[in-house]
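Hello,

Here is the structure I said I would pass on. Please open it first, then read the notes below.

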4 protein chains.
Amino acid sequence: MSGNTLGLLFTVTSFGESHGPAIGCVVDGCPPGLELQAADIQAELDRRKPGTSRHVTQRKEADEVEILSGVFEGKTTGTSIGLLIRNTDQRSQDYGKIAETFRPGHADYTYWHKYGIRDHRGGGRSSARETAVRVAAGAIAKKWLKERYGIVVRGYMSQLGEIPVPFACWEDVGQNPFFAPNAAVVPQLEQYLDDIRKARDSVGAKITVVAQNVPVGWGEPVYDRLDADIAYNMMNINAVKGVEIGAGFASVAQRGSQHCDELTPEGFVGNEAGGILGGISTGQDIVVNLAVKPTSSIAQERRSIDKAGNPVMMATTGRHDPCVGVRATPIAEAMLALTLIDHALRHRAQCADVSVSTPRIPGHIAK
Amino acid sequence: MSGNTLGLLFTVTSFGESHGPAIGCVVDGCPPGLELQAADIQAELDRRKPGTSRHVTQRKEADEVEILSGVFEGKTTGTSIGLLIRNTDQRSQDYGKIAETFRPGHADYTYWHKYGIRDHRGGGRSSARETAVRVAAGAIAKKWLKERYGIVVRGYMSQLGEIPVPFACWEDVGQNPFFAPNAAVVPQLEQYLDDIRKARDSVGAKITVVAQNVPVGWGEPVYDRLDADIAYNMMNINAVKGVEIGAGFASVAQRGSQHCDELTPEGFVGNEAGGILGGISTGQDIVVNLAVKPTSSIAQERRSIDKAGNPVMMATTGRHDPCVGVRATPIAEAMLALTLIDHALRHRAQCADVSVSTPRIPGHIAK
Amino acid sequence: MSGNTLGLLFTVTSFGESHGPAIGCVVDGCPPGLELQAADIQAELDRRKPGTSRHVTQRKEADEVEILSGVFEGKTTGTSIGLLIRNTDQRSQDYGKIAETFRPGHADYTYWHKYGIRDHRGGGRSSARETAVRVAAGAIAKKWLKERYGIVVRGYMSQLGEIPVPFACWEDVGQNPFFAPNAAVVPQLEQYLDDIRKARDSVGAKITVVAQNVPVGWGEPVYDRLDADIAYNMMNINAVKGVEIGAGFASVAQRGSQHCDELTPEGFVGNEAGGILGGISTGQDIVVNLAVKPTSSIAQERRSIDKAGNPVMMATTGRHDPCVGVRATPIAEAMLALTLIDHALRHRAQCADVSVSTPRIPGHIAK
Amino acid sequence: MSGNTLGLLFTVTSFGESHGPAIGCVVDGCPPGLELQAADIQAELDRRKPGTSRHVTQRKEADEVEILSGVFEGKTTGTSIGLLIRNTDQRSQDYGKIAETFRPGHADYTYWHKYGIRDHRGGGRSSARETAVRVAAGAIAKKWLKERYGIVVRGYMSQLGEIPVPFACWEDVGQNPFFAPNAAVVPQLEQYLDDIRKARDSVGAKITVVAQNVPVGWGEPVYDRLDADIAYNMMNINAVKGVEIGAGFASVAQRGSQHCDELTPEGFVGNEAGGILGGISTGQDIVVNLAVKPTSSIAQERRSIDKAGNPVMMATTGRHDPCVGVRATPIAEAMLALTLIDHALRHRAQCADVSVSTPRIPGHIAK
């Protein structure tokens with residue numbers, strides 16, 4: 001495949017450009033019998049939708065999803081699910097001038113050399129607009145994981161630029177446009193991002209995603225490890241430059257006596273592993289961090305070249321997020337859910353008959 | 001597949017347990033006509049081999065590779081290449097006591113619950129011993145990339161525990177057991193690791209891998225991005241807990257005006273992107289960092305449980321690396337080379353006819 | 001995947017039920033730069049369309065295709081191509097009574113037991129309606145094969161029930177509703193099928209598909225053989241029960257001295273092989289035969305059971321083709337074209353650099 | 001992949017040339033806990049082994065299999081299973097003269113043009129010797145299908161050249177070198193094949209393979225249909241030119257009223273479908289026919305060309321089967337078993353939770 005299908009057993013095959021008639025996908029492998037309606041998907045899409053606060057792009061997309069197949073009388077049938085989202089707010093005229101030049105930090109130069117042709121309007125296929133279909137597909141995955149295994153997948157912004165956001169509670173996450181898990185920090189984040197925007201600049205962010213209640217035993221042992229597939233899925237999100245599982249880069253300076261989740265009958269002592277050992281889930285929380293780079297589109301003049309190789313100066317005007325990380329949380333959740341459902345199905349394929357009398361110990365307890 | 005095949009067009013299908021008769025793999029998709037002999041592979045295996053310094057495990061494995069197929073009269077034929085490495089130093093008796101208990105930080109507990117059975121000897125399938133076959137397969141990938149495109153893939157240790165290793169020069173890397181790119185730091189590393197070992201502890205490390213001369217245009221646009229496949233491959237290495245491309249987690253606190261590789265006719269100004277934009281190579285150096293956690297096997301008593309769920313105390317004796325990161329460099333290089341060759345072949349499949357008159361600008365110049 | 005994606009490098013991911021809002025697919029892996037517009041696809045769809053003669057179902061479907069992505073300013077961009085066909089003539093009420101019973105010869109019983117739920121309206125996902133998307137995707141494949149390699153893929157009906165249709169000329173094929181390559185036989189076919197229809201019965205057919213100008217060297221050696229992938233693709237067509245390459249089942253009674261395409265500098269002597277040796281194309285015509293079973297839906301009363309397992313009698317009324325083979329030719333062409341383009345891309349991936357001085361001998365000459 | 005891996009969830013990745021040091025494969029996806037030893041595999045290999053009667057090649061291969069991994073204390077562990085068969089009877093000198101010419105009917109010409117290099121010794125990778133690894137892998141599949149579901153996969157020769165072999169009983173199959181299911185016909189087959197051999201000619205055969213006790217509901221609905229995957233697997237066997245499911249090509253001349261397995265509470269009435277409807281198993285016997293072409297290697301002079309394109313005359317001497325179909329039965333059984341286990345695992349992945357109260361009706365009853 002040419003990079004538009006995600007997953008092995010639960011697959012998402014995506015299409016669509018930012019300024020074409022529509023984006024959408026085919027979700028294949030969903031188990032039959034899941035209650036599903038467009039509203040289930042719409043709820044997740046609305047969390048990611050642009051234009052909902054001053055901190056994100058002012059592009060107004062309805063992002064209204066239509067289920068074209070695979071659902072009958074309110075339940076999935078086991079056949080492929082076609083999802084369609086029409087594009088409605090396409091101001092292609094804004095993008096005319098980028099047809100002949102390459103925006104720094106964007107995929108313009110690389111697409112051009114790879115394909116020899118590109119739909120430049122709004123980034124075309126490389127636009128973050130495509131992530132809407134992941135959120136839509138992820139909504140199905142999330143629902144199945146929840147209903148079948150009680151798994152909860154959710155995320156939050158753990159850092160905005162230089163400002164760390166200490167986790168306070170899950171309830172706060174949905175109460176602010178940043179997905180910040182700490183209401184007290186929100187005013188600071190708002191001020192900070194307003195300043196960035198006024199400086200015609202942008203900034204990066206760190207997102208944390210957590211999956212709870214994942215059973216022990218999901219994942220593959222050597223390649224296709226659960227953490228490897230998570231890293232793959234996360235790095236497939238536009239602007240992501242780093243992925244950590246559990247202790248992540250902090251483990252470089254740790255000792256073995258420290259990075260060690262001891263096992264006790266009462267539970268694991270600590271979760272340095274982030275819920276995965278040897279590529280397989282431990283039953284603890286799966287904890288993932290992402291580094292999201294600053295939005296490449298800023299309204300400052302920068303050097304670039306045109307298609308003929310001549311030097312040009314360009315500022316990327318238009319309607320852009322000052323921090324693409326602000327809307328990244330629902331996308332990261334979707335990608336984690338998609339990884340998990342794929343491994344849930346894989347696990348059933350090979351290990352459906354496995355029965356072990358050893359008790360499964362609970363998630364981590366205090367050290 | 002159940003997690004033992006890597007790649008789409010250039011595939012490595014791996015088998016073998018630490019204490020079984022042999023490990024090996026099938027390499028499929030290698031273009032025909034590449035000059036190849038066992039010695040080419042052996043040279044890379046010897047770089048990774050245990051028992052070569054006091055800083056790594058004292059297990060003595062010859063790691064002698066046999067080419068079973070796919071090569072005729074010194075050249076690859078385009079058919080699948082069978083590689084076999086017999087295990088020779090298997091002291092299974094050392095591992096008898098871990099049959100009934102789960103070593104903290106290892107895959108014992110997760111394998112047991114996944115499969116209901118495991119070859120516990122030396123970690124069985126989860127042993128880092130399996131990485132030898134990746135190095136063997138990677139040697140083929142490296143050779144082809146070098147000969148066909150002039151691509152050089154190489155790596156080094158950039159941090160050992162708390163000690164950063166500033167890059168001095170590539171020549172130093174092969175002159176010390178740490179793959180440290182700075183001869184001046186080596187005595188400090190030796191002392192540091194001796195102390196760790198004496199404390200019956202272990203420590204993490206950071207590895208940096210670089211690919212030079214990769215053409216612009218390799219990678220896929222949405223999923224199967226080049227950076228996503230790199231992250232996947234790297235996170236598939238035992239003990240890796242984090243992956244960064246280019247600026248990585250530093251990009252969280254960067255501004256868009258800073259994380260921005262401007263384009264000029266003379267070249268890119270900076271390489272924050274780490275050689276990849278929109279999932280596709282830019283032609284700049286591809287730069288990847290890995291976080292390797294401390295060796296989980298340490299000779300200190302720790303809490304665990306046995307198969308019946310009872311609490312036990314256990315120290316993992318045996319012959320272990322005090323820092324698994326020390327031998328990780330050749331493995332990381334192999335994984336990067338395997339990612340690249342797969343995308344090289346993909347690129348030829350879809351874009352063999354593409355011709356672009358736009359000049360390809362060179363790698364980064366000073367800011 | 002769960003059986004809705006076809007191909008490895010040029011993939012078709014299909015969705016849609018007979019009586020849902022739409023059918024469609026995502027075509028991925030199409031090389032960039034191919035001139036493509038909806039009319040190119042529509043022309044092939046119109047060849048397969050129902051309701052065009054009295055010999056096929058009277059369902060009236062416009063089968064109008066919309067290109068949703070992957071084409072920019074009249075050329076493919078290398079990104080995924082979304083195709084959408086809205087269903088317009090859905091008389092669901094006709095199908096109410098089959099909700100509770102299983103039509104003999106149809107997929108009703110098997111879908112029901114596999115999924116525990118099914119969209120029974122018009123066969124739902126198992127309807128031959130889905131083949132429209134293959135024809136649409138195949139149109140793209142055909143166009144690329146033609147323009148890039150001069151390959152011509154076309155087919156004809158070689159037998160209708162007991163009546164063989166001797167090949168006269170390609171020109172005749174498009175001049176009658178049967179795709180019969182022999183105008184003289186058409187009146188006999190019309191009478192024959194009228195009689196079948198009046199008898200409220202149906203009948204089988206044999207379809208022959210030929211690809212000309214395929215270069216030598218496409219295909220894989222052991223699995224994924226070109227003939228194996230053709231057999232797979234053809235047997236994926238509804239109602240196909242047999243596939244032959246070249247001499248096919250006639251080879252059972254042949255001698256080696258007879259089933260033998262000798263090589264001469266002027267060309268192959270005969271084409272018993274049907275253009276494929278050792279899974280790889282020889283450069284001769286690729287010749288494939290399909291057996292299409294009689295339409296399972298007939299207006300005669302037959303025994304069946306209902307969902308509770310009780311015996312019932314049922315006749316399948318509605319608008320059905322008396323011979324599904326009549327419309328099978330464009331579908332079979334599409335499936336052959338899709339196989340070929342996938343192997344064209346695979347060949348470029350692994351063997352793009354191969355150069356052989358041995359002359360390529362032309363297609364077969366008279367024995 | 002480049003055509004050396006079979007299957008999606010239960011995969012066989014094969015390597016090895018006829019005259020290289022060894023052949024073998026990696027079997028991945030086998031569920032854990034299956035009792036398995038080398039003798040289980042050896043028994044199937046011995047059924048296919050050359051040199052066991054005057055009707056097959058006199059090459060003497062021990063075909064002794066070694067299990068290299070994936071089995072611990074007599075049970076599969078769920079990890080990949082490495083299988084190795086050393087080549088022992090390699091008379092490469094016999095093949096020197098075919099290095100420069102292309103044997104008619106063989107893969108010599110096509111491999112040469114595809115790869116630009118080939119191991120010509122004994123056909124190299126294209127040799128039927130490779131089928132030994134399929135039989136080995138198939139033995140594992142057979143054993144699991146038998147123990148887990150009671151499925152029996154077995155086959156027989158149903159025609160040798162012009163001589164049909166009417167099915168008498170399964171017991172006869174193992175009592176003669178032809179796998180003929182009818183002891184009374186064996187003397188005729190022996191005489192017939194002796195005559196063919198004396199005429200320095202070869203002949204084709206038809207093989208029938210049957211799987212009993214397959215549950216209803218295995219297979220995929222649109223692509224990856226169970227019959228499509230069977231056709232694919234069978235056509236991947238050397239020398240196979242045709243595949244039929246159930247009525248096969250006979251269905252061309254059938255009426256819908258005739259090709260129709262009515263359903264009754266007592267069972268299906270007839271099995272024209274060959275156990276598969278809509279790509280999914282019905283619970284009836286799965287019945288497959290293969291056409292095997294005559295051995296291409298015969299000791300008669302035939303026309304060919306050499307690498308320079310010059311005309312040559314050549315007779316293929318050496319040790320060849322006068323009818324490759326004679327040894328094809330165990331291979332075809334293996335390929336059917338491999339198809340079934342893959343779909344067994346797929347079914348568990350997606351439909352493990354499906355529960356249907358509708359009774360499953362038994363296999364076919366007399367019409």
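Predicted model: local features only at pLDDT ≥ 70, side-chain atom pairs only at ≥ 80, totals over all residues.

Residues are numbered from 1 along each chain as its sequence is written, while chains are lettered from A and ligands numbered from 1 in the order in which they are written.

**Chains C and A**

Start with contacts (two residues whose C-beta atoms, placed from the backbone, lie within 7 Å). Here 36 residues of chain C are in contact with 36 residues of chain A. On the chain C side, strand 2 (11-16), strand 3 (22-28) and strand 7 (81-86) each supply at least two residues. Strand 2 of chain C gives the largest share, five residues. Helices (H or I, at least four residues) and strands (E, at least two) are DSSP runs, numbered from the N terminus.

By class, this side of chain C has eleven nonpolar, 19 polar and six charged residues. Nonpolar covers Ala, Val, Leu, Ile, Met, Phe, Trp, Tyr, Cys and Pro; charged covers Asp, Glu, Lys and Arg; the others, Gly among them, are polar.

How are the two copies related? A rotation of 180° with 0.0 Å of shift along its axis superposes chain C on chain A, with RMSD 0.0 Å. The two copies are thus related as by a two-fold rotation axis.

**Chains D and C**

Here 98 residues of chain D are in contact with 98 residues of chain C. Helix 2 (residues 108-115) of chain D brings the largest share of the chain D side, seven residues. That side has 40 nonpolar, 37 polar and 21 charged residues.

Strands also pair here (DSSP finds at least two bridges between them). Strand 11 (residues 240-245) of chain C runs antiparallel to strand 11 of chain D, with three bridges. C:Gly242 has D:Glu244 as its bridge partner.

**Strand 16 of chain D**

Is this strand buried or exposed? Seven of the seven residues of strand 16 (residues 286-292) of chain D are buried, so it is largely enclosed by the rest of the structure. Buried means 20 or more other C-beta atoms, placed from the backbone, within 10 Å of a residue's own.

Strand 10 (residues 205-212) of chain D joins strand 16 of chain D through seven bridges, antiparallel.

Best wishes

Technical notes. Least-squares fit on C-alpha atoms with pLDDT ≥ 70 in both. Buried ≥ 20, exposed ≤ 12 C-beta atoms within 10 Å, placed from the backbone.
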